[in-house]
Amino acid sequence: MAAFKTLDTIGNVSGKRVLVRVDLNVPVADGKVTDATRIERVAPTILELADKGARVILLAHFGRPKEGPDPALSLAPIATATAEVIGRPVGFAADCIGDKAAAAVGAMKDGDILLLENTRFYKAEEKNDPAFVEQLAANGDIFVNDAFSAAHRAHASTEGLAHKLPAYAGRTMQAELEALEKGLGNPVKPVVAIVGGAKVSSKIDLLMNLVKKVDALVIGGGMANTFLAARGTDVGKSLCEHDLAPTAKQIMIEAAQSGCAIILPSDGVIAREFKAGAANEVVAIDAVPADAMILDVGPKTVASVNDWIDRANTLVWNGPLGAFEIEPFDKATVSAARHAAARTKAGKLVSVAGGGDTVAALNHAGVADDFTYVSTAGGAFLEWMEGKELPGVEVLKA
């Protein structure tokens, strides 16, 4: 793994203006933050810098503003929530550049924390416009990126600033990079990947990359139906991208050439309707009735998945095995997640998971805290799994 500049090498920050890019894109309802997980993730970096006397200036985006300032997408309520999480006052500036930002930054004392307004109120942010980068940089002496979740975007506040100011990875970014290195960069073999979710079309690059890097690839969710259909199995009314059969076949060919075992369901839980508590039964995967749909993998498949987890030293997980949001079609995902968590707690497995549905599924199973690392990064985690370079990470290399 390439060395990254971290807070361990940042030197004396007392009195310095430190621009910290964080991910505060949190869910809000009625002006209140409903899930503070992302704020909690960046708290250690904010507090460490503040405790060392830095003037901590937070940069963040919120939502997808159409054009210019939008009161509904202001970060003002997030400043209040951030103060509650970190137990310190957090100031707020009604702009991220210009006179308002400069005045707020100029009034800071050592150890103060200030959140600037939504960087995406300016189209120049996403365009990584050099003039906008200059305006952001005018308020800082040092740049710290602690937003891995935005690192796949070459934006002004994620990539551009690193070319203007001394740049370092924050503690959350550092933890993410170290965990990902253990997961796929330089893992302890055997490596098993579990990939689920609805559609193959959204994960073609991911699957193509994984079959070259892992020893076994477990495919679940609606994606598995596309692979089963490509092998000639009738999947009834199940969610299936029949037009992607050639792609599925190519992925299986690549896997065979790389010595990667592809694990597909051998049985499934079927129902005639997709709703909670729907009448359901377990059938062999080649015995799905024409009027039924597969909504979860069956117990034989779960036993096989857990057996592969037992053989692994490293597990990478992205996507649920079934329609976990609706009972009873959550059983396979919960079982495998708990099995992986138990192996991890016993010190027998390095488990790295990520992606929105995956985080929700692990929380549903009650084991998110028991995995080695659970990434909340979404798109950035997926692009990393696809083997792509992330602009916001590349600029932090020593």
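Mentor: Let us begin with Arg343, which counts as buried at 17% relative accessibility; buried means under 20% relative accessible area, exposed over 50%, and partly exposed in between (1.4 Å probe, protein chains only). This is a predicted model, in which local features need pLDDT of at least 70, side-chain atom pairs count only at pLDDT 80 or more, and totals for chains, interfaces and linings use all residues. Residues are numbered from 1 along each chain as its sequence is written, and side-chain values use heavy atoms, with hydrogens and water left out.

Trainee: Which residue meets Arg343 in a salt bridge?

Mentor: Side chains of opposite charge can pair when their charged atoms come close. The criterion is a side-chain nitrogen of Lys or Arg within 4 Å of a carboxyl oxygen of Asp or Glu. Here the partner of Arg343 is Asp310, at 3.6 Å, N to O. The pair links distant parts of the chain, 33 residues apart: Asp310 lies in helix H10 (residues 299–311) and Arg343 in helix H11 (residues 331–345). Such helices are DSSP runs (H or I, at least four residues), and strands are runs of E of at least two, numbered from the N terminus. Asp310 is partly exposed, at 33%.

Trainee: How many salt bridges does the whole structure hold?

Mentor: The search finds 19.
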